[in-house]
Amino acid sequence: VGGSKIFYGSHFVNPNTGWAVGMSSSTYNGIIYKTTNGGTNWIQQSVAQTGRFYKCFFLNEFTGWVGGVNTFAKTTDGGAYWDTINFALVTNGLYFTDQLTGFMAENSSKIYKTTDGGFTWNVSYTGSGTISSICFVGPMIGWACGVQGKIYKTSDAGTSWTIQTTPVTANLNSIFFVSPMIGYATGMNGV
């Protein structure tokens, strides 16, 4: 892509189609780029938000969301147009299980849930310390991770969350599960 850009997140829906989000290092405005050829070429998409973007998540080639510092947007046409959503939160992690239901790991130790496609959010869980990442393996089962090696699990679509026992105390930055039994978390100090 080149130029004075800082990218924080990316999401691919297949080997060819993906998005990368971040900010311009000269204006600090949020940026969204899309590729349809596996990253060989990237096209900048226009969005009427000025805050930087940290995360993006897409269900398919058309429906997706981007979030960052007090900024959030949704597209249903692959990013040709973005609906901006009034938002006063910092998006650390983002995951949608369908077009209406989504979860956000937020900077203030909270997990939020939406049931209207991202237009309104309600607190699903309040932990202690920053929650960095969130992942689901279907509509009911999901995990989030954060500071001090904490991993949180839900088995009821975010109605309740329990802290999982881990052998680490380092901050965890990312979590991903490939099945209900196999998952990976990465973080600080080589975790």
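Phenylalanine 72 is buried, because its relative accessible area is 0%, where buried means under 20% relative accessible area, exposed means over 50%, and partly exposed lies in between, with a 1.4 Å probe and protein chains only. The structure in which this residue sits is a predicted model, so local features need pLDDT of at least 70 and side-chain atom pairs count only at pLDDT 80 or more, while totals for chains, interfaces and linings use all residues. Residues are numbered from 1 along each chain as its sequence is written, and side-chain values use heavy atoms, with hydrogens and water left out.

A pair of aromatic rings is described by the distance of the centres and the angle of the planes. Here rings of Phe, Tyr and Trp (for Trp, its six-membered ring) pair if their centres lie within 6.5 Å, and planes under 30 degrees apart count as stacked, over 60 as edge-to-face and the rest as tilted. By this rule the count comes to 15 aromatic pairs. In one of them, the centres of the rings of phenylalanine 72 and tryptophan 121 are 5.5 Å apart and their planes stand at 80°, so the pair is edge-to-face. This pair links distant parts of the chain, since phenylalanine 72 belongs to strand S7 (residues 72-75) and tryptophan 121 to the loop between strand S11 (110-114) and strand S12 (122-126), 49 residues apart. Strands, here and below, are DSSP runs (E, at least two residues), numbered from the N terminus. Tryptophan 121 also counts as buried, because its relative accessibility is 12%.

A second pair joins phenylalanine 136 and tryptophan 161, whose ring centres are 6.2 Å apart and whose planes are at 90°, so this pair is edge-to-face. It too links distant parts of the chain, with phenylalanine 136 in strand S13 and tryptophan 161 in the loop between strand S15 (151-154) and strand S16 (162-164), 25 residues apart.

In soluble globular proteins, nonpolar side chains tend to be buried together. A nonpolar core is a set of buried Ala, Val, Leu, Ile, Met, Phe, Trp, Tyr and Cys residues joined through side-chain atoms within 4.5 Å. The largest nonpolar core has 29 residues, and those with the most contacts inside it are Leu94, Ile111, Trp121, Ile134 and Trp161. At least two residues of this core come from each of S9, strand S10 (102-106), S11, S13, strand S14 (142-146), S15 and S17, and S13 gives the most, with four residues. Isoleucine 111, leaving aside its neighbours within four places in sequence, is in contact (heavy atoms within 4.5 Å) with residues including Phe103, Tyr125, Ile134 and Trp161. Apart from this core lies another, of ten residues, among them Val21, Cys56, Val66 and Ala73.

Of the 20 residues that line the largest pocket, the closest to its centre are Ser10, His11, Leu94, Ser133 and Ile134. A pocket, on a 1 Å grid over the protein atoms alone, is an open set of points where a 1.4 Å probe fits, with protein on both sides within 12 Å along at least five of seven lines, and lining residues have an atom within 4 Å of a point. Strands S1 (5-12), S5 (53-58), S9 (91-96), S13 (131-136) and S17 (172-177) each supply at least two residues of this lining, and S17 gives the most, with five residues.

Alanine 185, in strand S18 (residues 183-187), is partly exposed, with a relative accessible area of 27%, and touches Ile151, Leu172, Ser174, Ile175 and Val191, not counting residues up to four places away in sequence. Methionine 181, in the loop between S17 and S18, counts as exposed, because its relative accessibility is 75%.

Most residues other than glycine have a negative phi, and most peptide bonds are trans. Tyrosine 28, in the loop between strand S2 (18-24) and strand S3 (30-35), has a positive phi, near 65°. Glutamine 148, in the loop between S14 and S15, also has a positive phi, near 55°.
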